Amino acid sequence: MRLPRHIGLLLLSILAATLAQAETGAEGWLRYAPLTSTAAANYATLPNKIVVPGNTPTDQATARELQRGLSSMLGRPFSIAHETEDNTNAIILTNLATLNKAFAITGDKLPPDSYTLGEKTEGRTHRFIILGADPRGELYGAFHLLELVASDQPLPTKPTTESPSSPIRWVNQWDNLDGTIERGYAGRSIFFDNGHVRSDLTGVHDYGRLLASVGINGVTVNNVNSDLRTLSPDMIREFARIADQLRPWGVRMSLSVDLSSPQAVGHLPTFDPVDPTVVAWWQSKVDEIYKAIPDFAGFVIKADSEGRVGPSQYHRTPAEAANTVARALKPHGGVVLYRGFVYNNHLDYNDLKADRARAGYDNFHALDGKFEPNVVIQIKHGPIDFQVREPVSPLFAALQHTSQAIELQITQEYTGQQRHMVFLVPMWKTALDTDLRAQNRSTPVKEIVEGKSFHQPLGGFVGVANVGLDTNWLHHPMAMANLYGFGKLAWNPNLTTQQIIDTWTRLTWGNNSKVVSTIDNLQSNSWHAYEQYTGNLGIGTLTNILGYHYGPGIESAERNGWGQWFRADAQGIGMDRTVATGTGYIGQYPPPLAKIYEDLNTCPDDLLLFMHHVPYTHVLHDGKTVVQYIYDAHYEGAATAQTYAPRWQTLKGLIDDDRYNETLKLFTYQAGHAIVWRDAVTRWFQTESSIPDKQGRVGNYPNRIEAENMTAEGYTPIDVKPWETASNSKAAVCNQPTGCTLTATLDKPAGTYNIIVQYFDYWSGKSHFTLDLDHQPIGTWTANDTLPPARAENQPNGDTSTRITFPNITLKPGDTLTLHGTPDNTEPAPVDYIEITK
């Protein structure tokens, strides 16, 4: 059962001093767990008094946060004082606006949102100073001090200044007004329910706190596929309540808007962005918003993409549309983030020159320099759609006179949907560190979006977060590392993966050395392992793109208009994107990088199938053929996933039971689902290529008893689609309300074994199963999954395939194994196979 988050926070505060206490994950990385006496002694010089002269909501929130965190971690009370006369032994919390008025302390001018930390000792006077450029910088400085203490790091011995990489550090939430979340995997919206802003916005306040703690300064609260009621007067008044909750944390609210709003909301006959009545409508609407929300950040716009209307309807350009809205926002300091995700999802598969990857560049590069200064083009890090590996978009190098923000996806749409542990910071670092060599000089992506490479005034980082009402925000306890990591990279993209994961682990799970090293190692390699058992060599994730984007569905990418093709046939695989013979996509990169990608000898193997069509027998740089590499990688990646639960079990007793058990359950699930992926992809490739696995593993499962081959009473076999997502392309289903049985006589040598039942769990029912050995029950369970994608899939496939394992079962030749299945609703107790392993 998941507790409401505010109850979880209350329980956590009550039990904060217990070592292995029950924790809900609601606090995220802001647990402020008590330090050991030895560790606490390292901060004995921190004064017990916090002096804060400012009186803004952010000043007050900062002081209370500092008091709360230091008191909890150091085991001594910290007080807050607003007077400034007696500040001789104090933590001084101030900013440049109040500094000279309150203290005899001088400070150099700091960039917006920056801060300086430092100790100042004169005789018997000791002060620790947190100096912000502004109230938000003051807040960020306080959170940094708390992070140092919580992770048992030394305080700075001399003044240390930190400044954010760029002004835009936002998260997007794809929340709908009805309370659902598109591509959300952790419950319903914290913002909306039943067409309105929720009455209880406690979660929004808590979310603002989490975001501020890692330097995020903006949140777009509604789906990029915006509801047409978003800009209605009633909704604007409701949105103001959200902004009120975020404001103390220095987080500004923004909205996704539909460009047809002048017509849909304003009842104009047109939404042509250059029509004078439309221009006037946007100006009036923006003025209305700022009266209700004075610190409103701006708009995110998705247009001419995936069914959303846009300026093309009137033969206008994205620049003309963006500029009309930007001019309305400019007097108020607002910005437009116009998404570069504009493409045709009705491409002709038979046109060998058609290529979705070209769309971003083709639609925007000619518009470079034509946007207003407060327009930022928001560009997905890769040219397709958040695949497990893509090259960076060439559009980053093409827009040299336009501000840009990189869009990263924190929610794991194509990377396991928070049921698989996949730490995404290494993937993001790969993109950010890619040197595009624009103008034949060093122009890494991170410096382009910071505005440094082309001297642009804006730019930054946008992360699609999609937190929900699940108590721990993102469902998987390990997934919070991605939200934390995004914030840290947005603040400083030069941080290393190791720096980020090590600090997150300490804040989230504690400073025990075994805990830290185990979790750091689990997380650091998880993206590579997931890539291994899903889509390799740049082919894409190979998930079912026509469904929920979760389980395997290899051929779903082919022969349709969506353009995520890899053009496989019996001879070879991969998209030919070369200039010489293909779509010409590679020519969109600056010449030095294009030259590398164009040549098979220099193209990195991990992007090979994105850039080139090659035979299955093509030899990679490591000496393996393409098809053998795919076989080996899938078995290696799935094997790595099998280690997660055993490695996690070594931490039992070192962390709280609740989070330990929840994570163990998810690791156990991931181990099984990795095998579903492994088998589906390798069988598909072996069938398509007619080239067998050199090690004889693919399609050879000697320890399995296929359900359709067991003696059945009531169970009947059916074909599974996609065919590769069941062990023998079939499942056994029970359509008798009273139940059915599957029976097998075993021939295993006497010994102790693990018995695995692979079955399918739909959201639409709760089938009941019992497994008997010689008429004695081994175990009983209910297939009661209600998590995505079970919610959307009511059929046996790679989305719904799951397993249960009964360990250490004593067997002898001639034993009889019987599985009883009782269907429920439209779920027919479907079974794939039973496997018996040592």
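Residues are numbered from 1 along each chain as its sequence is written, and side-chain values use heavy atoms, with hydrogens and water left out. Because the model is predicted, local features need pLDDT of at least 70 and side-chain atom pairs count only at pLDDT 80 or more, while totals for chains, interfaces and linings use all residues.

Helices (H or I, at least four residues) and strands (E, at least two) are DSSP runs, numbered from the N terminus. A barrel is closed by 8 strands with parallel pairing, in the order β7-β10-β11-β12-β13-β14-β15-β16; two strands pair if DSSP finds at least two bridges between them. Neighbouring strands of this sheet are turned by 25° against each other on average, direction ignored. Strands β13 (residues 335-339) and β14 (residues 375-380) run parallel and are joined by 4 bridges. L337 has V376 in β14 as its bridge partner. Helix α7 (residues 233-246) packs on the sheet, where β10 (218-220) and β11 (252-257) are touched, and the direction of α7 makes about 145° with that of β11. Axes are lines fitted to C-alpha atoms, for helices over the stretch in contact, and angles run from 0 to 180 degrees between N-to-C directions.

The axes of helix α18 (residues 526-533) and helix α21 (residues 626-649) cross at roughly 135° and come within 7 Å. α18 is therefore oblique to α21 (angles under 35 degrees count as roughly parallel, over 145 as roughly antiparallel, 65 to 115 as roughly perpendicular and the rest as oblique). In the contact (heavy atoms within 4.5 Å), α18 contributes S526, A529, Q532 and Y533, and α21 contributes residues including A633, H634 and Y644.
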